[in-house]
Amino acid sequence: MDYLALAEQLVTLQSSLQHIPASQKLSALDHGVFFAMNYLAMHENSAYPKELSRGMAVSSARVAAMLNHLEQQGLIRRSPDPRDSRQVMVSLTEQGLALIRQKREEILCLTAKTLQELGPEDAQALLRIQKKLVEAFSRRAAEAAGKPEKGKEEPELC
């Protein structure tokens, strides 16, 4: 099988998805302000800025600028960590929590409708394959970082 040709098709499809408005909504939780707000919502509504920086894989300066923007809009607040006053905790305000809940609900509804169009077998197959892709890309990332996972030996393609 020509895996490089398949990879080309997959990359092209993924690129095409980025230009579809519905897909752009789905990816909104993957980057930018909605990623940060979703991260906070998924972590008991608070986190340290350095956790956001790591989770988003962006610089602390980028996170600081984004947090300034969110704070000006009244969506987050920064306060001293009650356990260590030298640290700053970032948390969602009620307004921020309401906004991210609304956004998540919209995205989940859109995703559910799309999965329904696929039908039960294809929807489950998509999820199964997506999980395998995440595992494979995670394994490759660990290998690139010099922490190879023990697993299958595969012939090198590139």
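Residues are numbered from 1 along each chain as its sequence is written, and side-chain values use heavy atoms, with hydrogens and water left out. Because this is a predicted model, local features need pLDDT of at least 70 and side-chain atom pairs count only at pLDDT 80 or more, while totals for chains, interfaces and linings use all residues.

**Helix H5**

Select residues 60-72, which form helix H5; helices (H or I, at least four residues) and strands (E, at least two) are DSSP runs, numbered from the N terminus. Its 13 residues reach 18 Å from first C-alpha to last, close to the 18 Å expected at 1.5 Å a residue, where the expected span is 1.5 Å times one less than the number of residues.

Next, show the side chains of Val-63, Met-66, Leu-67 and Leu-70, the buried residues of H5. Buried means under 20% relative accessible area, exposed over 50%, and partly exposed in between (1.4 Å probe, protein chains only). These residues lie on the same side of H5 because they cover an arc of only 105° around the axis, the arc being that of the directions from the helix axis to the C-beta atoms. They pack against helices H3 (32-42) and H4 (49-56) and strands E2 (76-81) and E3 (84-92). On the other side of H5, Ala-61 and Gln-72 are exposed. Just after the helix, Gly-74 has a positive phi of about 75°.

**The core**

Now select Met-37, Leu-67, Leu-70, Ile-76 and Leu-92, which have the most contacts inside the largest nonpolar core, a set of 19 residues. Such a core consists of buried Ala, Val, Leu, Ile, Met, Phe, Trp, Tyr and Cys residues joined through side-chain atoms within 4.5 Å. H3 gives the most to this core, with six residues.

**Ser-53**

In helix H4, select Ser-53. Ser-53 counts as buried because its relative accessibility is 14%. Its side chain reaches the backbone oxygen of Val-58 at 2.5 Å.

**Salt bridges**

The structure holds four salt bridges (a side-chain nitrogen of Lys or Arg within 4 Å of a carboxyl oxygen of Asp or Glu). Select Glu-71 and Arg-78, whose closest N and O atoms are 3.2 Å apart. Move on to Arg-83 and Asp-81, paired at 3.7 Å; Arg-83 is exposed at 71%, whereas Asp-81 is buried at 3%. Finally, Arg-140 and Glu-143 meet at 3.2 Å, three residues apart in helix H7 (residues 120-144).

Methods. Contact = heavy atoms within 4.5 Å. Polar contact = N/O pair within 3.5 Å; in protein donor to acceptor, adjacent residues only side chain to side chain.
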